[in-house]
Amino acid sequence: MERMTRYPAPIALIAPYQEMAELAKTLLKEFEKPILIEVGDLQEGLKKGHQLVEEETEVLISRGGTAQLLKSELKIPVVEIQVTAYDVLGALQKVPNRDQKIGMIGFGNVIYGSDKLADLLDLDLRVFTVQSEEEVPEKIEEAKKSKVDIIIGDKIVVSQTNRMGYPSILIESGKESILQSFHEAYRILEVVRSEAKKSNQYLSTLNQLKAVLNSADDQIVILDANNRIQSCNPAALRIFKKEEEQIKGSPLFLYPADPLMEMKKKLAPQRNHVAFVQGKHLVLNYLPIETDGEKIGTLIVGRSISKL
């Protein structure tokens, strides 16, 4: 796949048509934060989206069917430029003759509510909604059979309508919608980076905790809410005489289960339970693991009596 030469930016706009890209570049002068601008509609936009993800772009912006496609195929946040009533109104006002029969074709997120505007303007409008790029030619043919005089839609609709020799009008996004998407993308970027920082801190804490548990002489076993083994430290694995992956997900064995039933019955930790396990006398503590007041597992800590 051929690489595109770019300046690094955490956010990229994939504009479905060139005029939007040019308007966005003008708006960036007053926005004063970096946003990469690319042009690509639907599959071409998705191709560029994949390239941007590989290059570690963190948030994408697009419109209409391209935005929907990016959302369904990519794992990074996609901000959708909203098509406002003013955008649809602007397209309707470009119809040269108010007596013409108008066909509006597009994805639901682009043409929603257009029929209400047409009623207010006393225009003869038929709406044809598509779910995918492949449906566009069929809807254009359907519009022609309905004897519409002119078709309004997004970039893919206008391109295909023009190729079929039919008059069309593009629904263009105004600068307010594009600027709003810029601000929304940076708000999302802030959240994404904040969550990533928290995740890294959490992972670091877990790694530190695991290092402590692995070095402990006490046997430590973690059970899930169904009392199945989720994790063990090396001291406990020496009791089980198995690798952790061999026993992960298994019901608790060797260690007594009675304290688990007592803990469930009394809703309290069970401490100082003496048991004879694998030829050793152990003192065992069974402690509930809770989050938001709900028990999600059990921590078992065992120590040889000889070490007390």
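Modeller: Let's start with a word we'll need: a residue is called buried when its relative accessible area is under 20%, and exposed when that area is over 50%. Keep in mind that this is a predicted model.

Colleague: Okay, let me try it out. Is phenylalanine 31 buried or exposed?

Modeller: Its relative accessible area is 11%, so Phe31 counts as buried. Phenylalanine 182 is buried too, with a value of 0%.

Colleague: And how do I read an aromatic pair? How many aromatic pairs are there?

Modeller: You look at two things, the distance between ring centres, which has to be within 6.5 Å, and the angle between the planes. By that rule there are 4 aromatic pairs. Take Phe31 and Phe182: their centres are 5.3 Å apart with 55° between the planes, and that makes the pair tilted.

Colleague: What does that pair tie together?

Modeller: Phe31 belongs to helix α1 (residues 18-31) and Phe182 to helix α9 (residues 175-215), so the pair links parts that lie 151 residues apart in sequence. Ring pairs also join Phe31, Phe182 and Tyr186 into a cluster.

Colleague: Which charged end sits over the ring of tyrosine 186?

Modeller: That's lysine 33, whose charged end is 5.0 Å from the centre of the Tyr186 ring.

Colleague: Now a helix. How do I tell its buried side from the opposite one? Which residues of α7 are buried?

Modeller: Check which residues are buried, then see where they point around the axis. In α7 (residues 136-145), the buried ones are Val136, Lys139, Ile140 and Ala143. They span an arc of only 105° around the axis, so they end up on the same side of α7. On the face turned away from that buried side you'll find the exposed residues Glu138 and Lys145.

Colleague: What covers the buried residues of α7?

Modeller: The cover includes the strands β5 (101-107), β6 (124-130) and β7 (150-153), along with helix α8 (155-163). While you're there, look just past the end of α7: lysine 147 has a positive phi of about 65°.

Technical notes: Residues are numbered from 1 along each chain as its sequence is written. This is a predicted model: local features need pLDDT of at least 70, side-chain atom pairs count only at pLDDT 80 or more; totals for chains, interfaces and linings use all residues. Side-chain values use heavy atoms; hydrogens and water are left out. Buried means under 20% relative accessible area, exposed over 50%, partly exposed in between (1.4 Å probe, protein chains only). Helices (H or I, at least four residues) and strands (E, at least two) are DSSP runs, numbered from the N terminus. The arc is that of the directions from the helix axis to the C-beta atoms. Contact means heavy atoms within 4.5 Å. Rings of Phe, Tyr and Trp (its six-membered ring) pair if their centres lie within 6.5 Å; planes under 30 degrees apart count as stacked, over 60 as edge-to-face and the rest as tilted. A charge sits over a ring if NZ of Lys or CZ of Arg is within 6 Å of the ring centre and within 35 degrees of the ring normal.
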